[in-house]
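Subject: Structure handover

Hello,

Here is the structure for you to look through. My notes on it follow below.

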Amino acid sequence: MWPKRWRKKSGQEQPGEAAAEPRSAEAAEIAEDAPSDPPPEQRDAAPAAGDVGNGKREGWLSRMRKGLSRSSGKLGDGIGAIFTKRKLDDAALEELEELLISADLGVSTAAKMTAGLAKERFDKEVDPQEVRAALAEQVAERLEPVAKPLDLDGSRKPHVVLVVGVNGSGKTTTIGKLAKQWADAGHKVHLAAGDTFRAAAVEQLQIWGQRTGAPVTARDTGADAAGLAYDALQQAQREGADVLLVDTAGRLHNKANLMAELQKIVRVLKKLDDSAPHDVLLVLDATIGQNAVQQVQTFKELVNVTGLVVTKLDGSARGGVLVALADRFGLPVHAIGVGESAEDMRPFSARAFARALVGLDPEE
Ligand SMILES: Nc1nc2c(ncn2[C@@H]2O[C@H](COP(=O)(O)OP(=O)(O)OP(=O)(O)O)[C@@H](O)[C@H]2O)c(=O)[nH]1
């Protein structure tokens with residue numbers, strides 16, 4: 001029999017329910033949650049064309065593994081330190097729960113996972129590898145239901161994808177990567193440079209447009225983004241495009257302005273196609289850890305987010321937060337970004353990610 005504390009905890013949780021995660025007081029202001037801007041030379045540089053498909057770059061799985069090393073080092077080593085020659089007792093479970101929280105899984109998810117482990121193995125001798133494998137299984141179980149590639153609905157002409165997220169999260173780059181992948185698959189793509197707030201974002205999108213052969217609807221900095229989105233959809237409809245990707249600004253002066261802008265974009269798109277946008281992708285930077293939870297919450301209040309793309313899993317990612325996000329929101333994770341080039345975005349593989357996160361070989 002496993003002890004009351006762990007039994008009670010797991011019994012209290014309802015599917016999809018989450019205990020309060022840490023929140024910053026200023027979280028309502030979107031810009032406050034944004035990661036600090038990368039240096040201009042890094043931000044404004046579009047990915048080098050030579051990076052695309054030159055065959056010499058490190059495999060994406062290995063880049064994801066390296067990107068997750070901050071989390072996997074913490075979890076893998078932490079599990080080793082807790083469970084070497086030790087029973088799975090109360091004290092060990094407490095330490096494990098704290099470790100999971102410190103690796104960005106969030107209070108509620110950490111409690112559920114620890115309870116899951118206690119249920120099967122309480123008071124038994126366990127070795128670190130067994131605990132890592134058991135946790136990887138639990139992470140994979142939570143992530144599998146949300147790992148869903150973004151499929152284009154062929155009956156839509158075009159399928160309209162609105163891309164939102166705070167500044168610097170990787171929206172424009174994600175649009176470029178999606179455009180490249182869909183264009184390579186033979187789809188006719190149109191791009192709308194709706195981040196009229198930042199001139200470099202428009203230029204960045206135009207470079208992706210040249211690279212992919214996708215026409216780009218753009219206007220000068222400061223132009224009305226909703227008007228631009230309307231023009232872009234009209235043009236995409238005229239061209240018979242299969243997909244329209246609409247970029248947006250992540251940084252307006254405050255949440256109310258951003259909400260007004262995003263809602264206006266949605267309203268005008270609906271004038272031309274009342275089912276548009278067909279997907280609203282929220283792009284999240286994986287290096288921000290638990291702040292991602294608040295970003296999802298905030299954007300869900302602004303617009304009907306239908307799925308996530310998580311970028312920068314090649315950097316110093318705090319990947320544990322994906323587990324917390326899956327548990328709390330259940331939103332599809334359509335793709336992950338492990339670099340700046342077109343082939344660095346992949347459908348999200350729950351199992352590979354889960355194993356890499358706890359320091360196991362993702363390919364086993
Ligand atoms: N390492 C890495 N860098 C990425 C990834 N995705 C985007 N970036 C970089 O992150 C920076 C910001 O990306 P952008 O696409 O400009 O972000 P944005 O959300 O459009 O930013 P705004 O236009 O300010 O709203 C750029 O330097 C990108 O090259 C990724 O998966 N991995």
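Arg198 is buried: 20 other C-beta atoms lie within 10 Å of its own. Arg198 sits in the loop between β4 and α10 (199-212). Try the distance from Arg198 to Gly59: their C-alpha atoms are separated by 32 Å, and the two residues are 139 apart along the chain. Please keep in mind that this is a predicted model.

Now the overall picture. The protein has 15 helices and 10 strands. It has 364 residues, and 50% of them count as buried. Take the contacts between residues at least 6 apart in sequence: 81% of these join residues at least 24 apart.

The sheet

Eight strands form an open sheet. Read across, the order is β5-β4-β6-β3-β7-β8-β9-β10, and the pairing is mixed. Which strands stand at the edges? They are β5 (216-217) and β10 (345-347). Each has a single partner strand, so one side of each is left without a neighbour in the sheet.

A helix packs on this sheet: α11, residues 225-239. Helix α11 touches β3 (159-164), β4 (189-192), β5 and β6 (243-246). Its direction makes about 165 degrees with that of β4.

Strand β9 and its partners

Strand β9 covers residues 333-337 and runs antiparallel to β10, with three bridges joining the two. Two pairs are handy for finding your place. Ala335 has Pro347 of β10 as its bridge partner. Ile336 stands opposite Arg346 in β10.

On its other pairing, β9 goes with β8 (residues 307-311). Here the sense is parallel, again over three bridges. Val309 has Ala335 of β9 as its bridge partner.

How does the chain get from β8 to β9? Helix α14 (residues 321-329) lies in this unit, and β8, α14 and β9 make a right-handed β-α-β unit.

Is β9 enclosed or open? Five of its five residues are buried, so β9 is largely enclosed by the rest of the structure.

Helix packing

Helix α14 also packs with α8, which spans residues 128-143. The angle is about 50 degrees, and the axes are 9 Å apart. That makes α8 oblique to α14. Their crossing is left-handed. From α8, the residues that meet α14 are Val139, Arg142 and Leu143. On the α14 side they are Leu322, Val323, Ala326 and Asp327.

Helix α8 packs with α5 (residues 69-83) too. The angle here is about 130 degrees, with axes 8 Å apart. These two helices are therefore oblique to each other as well. The crossing of α5 and α8 is right-handed. Gly76, Ile79, Gly80 and Phe83 make the contact from α5. Pro128, Val131 and Arg132 make it from α8.

Best wishes

Key. Residues are numbered from 1 along each chain as its sequence is written. This is a predicted model: local features need pLDDT of at least 70, side-chain atom pairs count only at pLDDT 80 or more; totals for chains, interfaces and linings use all residues. Two strands pair if DSSP finds at least two bridges between them. Helices (H or I, at least four residues) and strands (E, at least two) are DSSP runs, numbered from the N terminus. Two residues are in contact if their C-beta atoms, placed from the backbone, lie within 7 Å. Axes are lines fitted to C-alpha atoms, for helices over the stretch in contact, and angles run from 0 to 180 degrees between N-to-C directions. A residue is buried if 20 or more other C-beta atoms lie within 10 Å of its own, exposed if 12 or fewer, and partly exposed in between; C-beta atoms are placed from the backbone. A crossover is right-handed if, with the strands pointing away from the viewer, the path from the first strand over the helix to the second runs clockwise. Angles under 35 degrees count as roughly parallel, over 145 as roughly antiparallel, 65 to 115 as roughly perpendicular and the rest as oblique. A crossing is left-handed if the near helix is turned anticlockwise from the far one by less than a right angle, and right-handed if clockwise.
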